[in-house]
Amino acid sequence: MRILGIRTAAALVLLSAAAGTTYAQDSTKGVHIGLQYSPGTRPGVVVLPMLGVGGDSAQAIIQRDLDYGDRLTTIQNVGNVGVTTANVNYALFAKLGAAAIVQGFLGPTALHVLVHDVRGQKILVTRDFAVPATVGTPEWRFALHAASDEIEKSITGTRGIAATRVLFVRDGQIYVCDADGYDVKALSPKEGAMSPAWHPSGRYIAYSVFTKAGTEIVIQDLTNGGTRHLVGTPGGLNSAPVFTPDGKWVVYAHGDEVGTDLFAANPFSNDAARRITVGHGTDNTQPTFSPDGQQIAFTSGRSGHPEIYITDFDGTNAELLTPFEFGGEFYREGPDWSPDGRSVAFGSWIGGIFQVETISLRDRSVKQLTSEGRNEDPSYAPDSRHLVFTSSRSGVHELWVLDVESGRVRQLTFGSEARLAAWSRALVPSP
Amino acid sequence: MTRLSRVVPLSLMLIAAAVAAACGGSKPAPQAPAPAAAPAPSGPNTDSIDQARRDSIARAQRTADSLRAEQDRLAAAIAAARNTITAMIYFDLDKSDLTDQDKASLDQKIPILNANASLRIKVAGNCDERGSDEYNLALGQRRAAAAKRYLTDHGVDGSRIDVISYGKERPVAQGHDEGAWAQNRNDQFEITAGGDNLRTSGQ
């Protein structure tokens with residue numbers, strides 16, 4: 001975490017006043033606070049205390065969202081130093097290492113935001129974000145997350161991922177929480193629910209439940225909680241559902257008495273499902289779509305042990321994706337295709353335990369992302385840079401978020417076991 | 001039950017006949033027992049009445065005992081048949097192949113299934129905790145299907161056997177070592193209908 005504490009900031013101010021330009025090292029390893037920043041590093045940003053009812057919470061939420069995005073270094077606890085009603089002391093902020101300042105005024109229906117360019121010594125952007133009247137509700141928090149994502153875009157050029165949610169399984173129920181871990185809510189009754197997945201619109205989810213006859217896929221409408229069960233392949237095992245990127249189909253694994261294969265069904269009708277894979281009695285499950293909807297990566301045991309394969313949506317051209325090596329124990333599973341289409345993340349059995357790896361679709365190079373505890377079932381955030389996954393590193397299976405570029409991890413869920421996460425797309429449309 | 005109820009009126013008839021013979025036939029009810037001070041008139045007729053009564057009571061007792069023993073044997077046979085049907089089979093890591101032990105266990109279930117036409121079972125496949133949650137649902141399904149296929153290959157009608165997978169979601173053993181894992185890589189068999197009064201193949 002790259003955070004400049006208040007004492008260091010104050011020290012900087014004094015030092016710079018006394019000695020002209022100063023070069024200071026934060027106590028956190030590897031952080032540089034200088035007078036200038038270069039593109040490609042993490043620009044410093046100060047989120048000033050916000051005026052208005054709920055201003056303190058709003059400032060904390062936006063500051064945390066920018067920190068969790070891992071593209072900016074939040075310079076914290078600066079106070080209102082350097083800002084008067086008349087003007088902003090840009091030189092002072094430059095000495096603090098800030099490239100940008102976020103200034104906000106929280107009114108009864110909107111948050112008024114000014115983003116300052118420190119080097120340019122001017123206001124970069126002025127925006128108003130609609131905010132619900134009641135401070136502190138989940139809807140209010142989510143509106144602030146949407147503001148954070150736009151603020152991040154105005155500073156870094158990339159939209160943030162704060163206004164997104166993560167589905168997961170706990171105690172046989174489907175839960176959802178915001179990307180910052182707040183507002184955890186149960187969505188389904190306890191029916192041995194597993195494998196939640198988002199419809200691209202964010203309005204529906206799919207998951208499997210245990211019934212007397214086997215497992216069934218449930219489609220749930222989040223606006224009213226209404227559910228329907230898929231009957232495209234009645235009976236047997238029906239699991240690991242995922243929606244196509246255009247939202248028209250749900251693809252899932254169906255197993256009866258001759259292996260498990262991928263099938264596609266209309267999520268909103270009772271039409272028979274269409275077979276995709278022909279596994280000849282092997283197990284084929286855990287589908288994930290390329291962003292263009294043309295290809296599916298999935299787990300298959302057809303070689304004798306689970307590996308990741310790719311097939312066209314119509315089931316043709318199935319080929320092995322993960323590198324097949326001789327000798328040793330191999331078990332690769334739980335693939336997730338990055339939203340930018342460039343890589344597939346998956347769980348891999350390494351040294352007797354699962355770790356999260358990614359494979360590049362361009363050159364098939366494999367990168368190991370985790371090493372502590374058991375880590376599996378990765379799901380990409382919409383920025384293709386953050387992943388949520390299940391980890392046992394705290395002693396209990398919980399969800400953790402990893403930034404692939406910096407390696408930073410943060411714990412997302414707390415309390416009883418959480419697993420099988422699915423990260424949504426952006427849930428607030430880009431203005 | 002019917003045999004016992006037939007025994008009782010028969011013994012009463014024997015007693016009544018013995019009494020009638022002893023009393024010359026006209027008096028239906030036996031005399032009240034004589035006071036203990038005066039010795040009961042002994043003689044072949046009184047002794048034989050008592051003996052007949054004791055004999056018929058003893059016979060009734062033996063019949064009841066043998067009936068109970070028969071019922072116990074029947075209950076034990078039914079319990080044994082249920083245990084044979086519900087006996088679990090076990091698998092090697094990541095495998096759904098039936099071991100010789102598994103086949104022997106399944107072989108014992110076949111005659112019971114053949115002898116009880118209304119018997120229906122459900123086979124549930126399970127996995128140990130180490131693999132993937134979702135992939136293990138498919139592996140468990142394959143393990144249950146393997147047991148069903150063995151039974152249908154040996155003549156059992158497939159419509160009497162349901163198959164389900166619980167993956168690694170319902171372990172029987174909670175530990176995190178090979179002892180627990182080996183127990184959790186299993187098929188479980190549940191009687192879903194026709195499980196009362198199971199006939200074993202010998203009947």
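Chain A is divided into domain 1 (6-156) and domain 2 (165-423), with bounds that come from an automatic or database domain assignment. The structure is a predicted model, in which local features need pLDDT of at least 70 and side-chain atom pairs count only at pLDDT 80 or more, while totals for chains, interfaces and linings use all residues. Residues are numbered from 1 along each chain as its sequence is written, and chains are lettered from A and ligands numbered from 1 in the order in which they are written.

The centres of domain 1 and domain 2 of chain A, taken over C-alpha atoms, are separated by 37 Å. Eight residues from domain 1 of chain A and eight residues from domain 2 of chain A form the contact; two residues are in contact if their C-beta atoms, placed from the backbone, lie within 7 Å. On the side of domain 1 that touches domain 2, the elements giving two or more residues are α2 (55-68) and α4 (138-156) of chain A. Helices (H or I, at least four residues) and strands (E, at least two) are DSSP runs, numbered from the N terminus. The largest share of this side of domain 1, four residues, is from α4(A). By class, this side of domain 1 has three nonpolar, one polar and four charged residues. Ala, Val, Leu, Ile, Met, Phe, Trp, Tyr, Cys and Pro count as nonpolar, Asp, Glu, Lys and Arg as charged, and the others, Gly among them, as polar.

The secondary structure of chain A consists of four helices and 31 strands. The C-alpha atoms of chain A fill a box of roughly 80 × 50 × 35 Å along the principal axes. For 431 residues, a compact globule would have a radius of gyration near 22 Å, and the 24 Å of chain A agrees with this; the radius is taken over C-alpha atoms, and the globule rule is 2.2 Å times the number of residues to the power 0.38. Of the 431 residues in chain A, 46% are buried, a residue being buried if 20 or more other C-beta atoms, placed from the backbone, lie within 10 Å of its own, exposed if 12 or fewer, and partly exposed in between.

Five strands of chain A form an open sheet with mixed pairing, in the order β4-β3-β5-β6-β7. Two strands pair if DSSP finds at least two bridges between them. The edge strands, β4 (73-74) and β7 (122-130) of chain A, each pair on one side only. Strand β3 (residues 44-47) of chain A runs parallel to β4(A) and is joined to β4(A) by two bridges. G44(A) stands opposite T73(A) in β4(A).

The largest nonpolar core has 108 residues, of which V45(A), V46(A), A98(A), V102(A), V166(A), V250(A) and A421(A) touch the most other members. A nonpolar core is a set of buried Ala, Val, Leu, Ile, Met, Phe, Trp, Tyr and Cys residues joined through C-beta atoms within 7 Å. Not counting residues up to four places away in sequence, the contacts of V45(A) include L66(A), L72(A) and I155(A).

W337(A) lies in strand β23 (residues 332-337) of chain A. W337(A) counts as buried because 25 C-beta neighbours lie inside 10 Å.

Between the chains, 18 residues of chain B are in contact with 26 residues of chain A. The largest share of the chain B side, 11 residues, comes from α4(B).
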